[in-house]
Amino acid sequence: MSHREVAALFGVSAASVSRWRALARLQGNLAPKALGGDRRSGRIDGHKDLIMATVEETPDLTLQELRRILAGQGLHFGYGTLQSFFRRHNITRKKGRPMQLSRAAR
């Protein structure tokens, strides 16, 4: 069938049919892509090894200090982006006690 015949059959324009056919040739599949979800975390996850090495080297870094170190290497991530990164990878960054508890507190 021609594009115009198919367009009339489905009630769409001939241009739409042409675009769908071109897409089918390029991709081989006309199934819709997934909707929603996180599309940007791959940018920071690509640098996971560097971030983890930096945190392991200096475990008491604050997020702002980590941002400055990463910015010095040309990587600019927001505060919330780093928080989400640590949350997504189940990494907690709690500081230890600076001194031992007194005998009375035990």
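Reader: Leaving aside its neighbours within four places in sequence, which residues is Leu70 in contact with?

Author: This is a predicted model, in which local features need pLDDT of at least 70, side-chain atom pairs count only at pLDDT 80 or more, and totals for chains, interfaces and linings use all residues. Residues are numbered from 1 along each chain as its sequence is written, and side-chain values use heavy atoms, with hydrogens and water left out. Contact means heavy atoms within 4.5 Å. With neighbours within four places in sequence set aside, the partners of Leu70 are Leu50, Ile51, Leu75, Phe77 and Leu82.

Reader: Which residues of helix H5 are buried, and which helices do they pack against?

Author: Buried means under 20% relative accessible area and exposed over 50%, with partly exposed in between (1.4 Å probe, protein chains only). In H5 (residues 63-72) the buried residues are Leu63, Leu66 and Leu70. They lie on the same side of H5, because they cover an arc of only 60° around the axis. Their packing partners are helix H4 (48-57) and helix H6 (79-88).

Reader: Which exposed residues does the face of H5 turned away from its buried side carry?

Author: Helices here are DSSP runs (H or I, at least four residues), numbered from the N terminus. On the face of H5 turned away from the buried side, the exposed residues are Arg68 and Gly72.

Reader: Is Ser41 buried or exposed?

Author: Ser41 is found in helix H3 (residues 41-45). Its relative accessibility is 16%, so Ser41 counts as buried.

Technical notes:
Helix = DSSP H or I, 4+ residues; strand = E, 2+ residues; numbered from the N terminus. Arc of directions from axis to C-beta.
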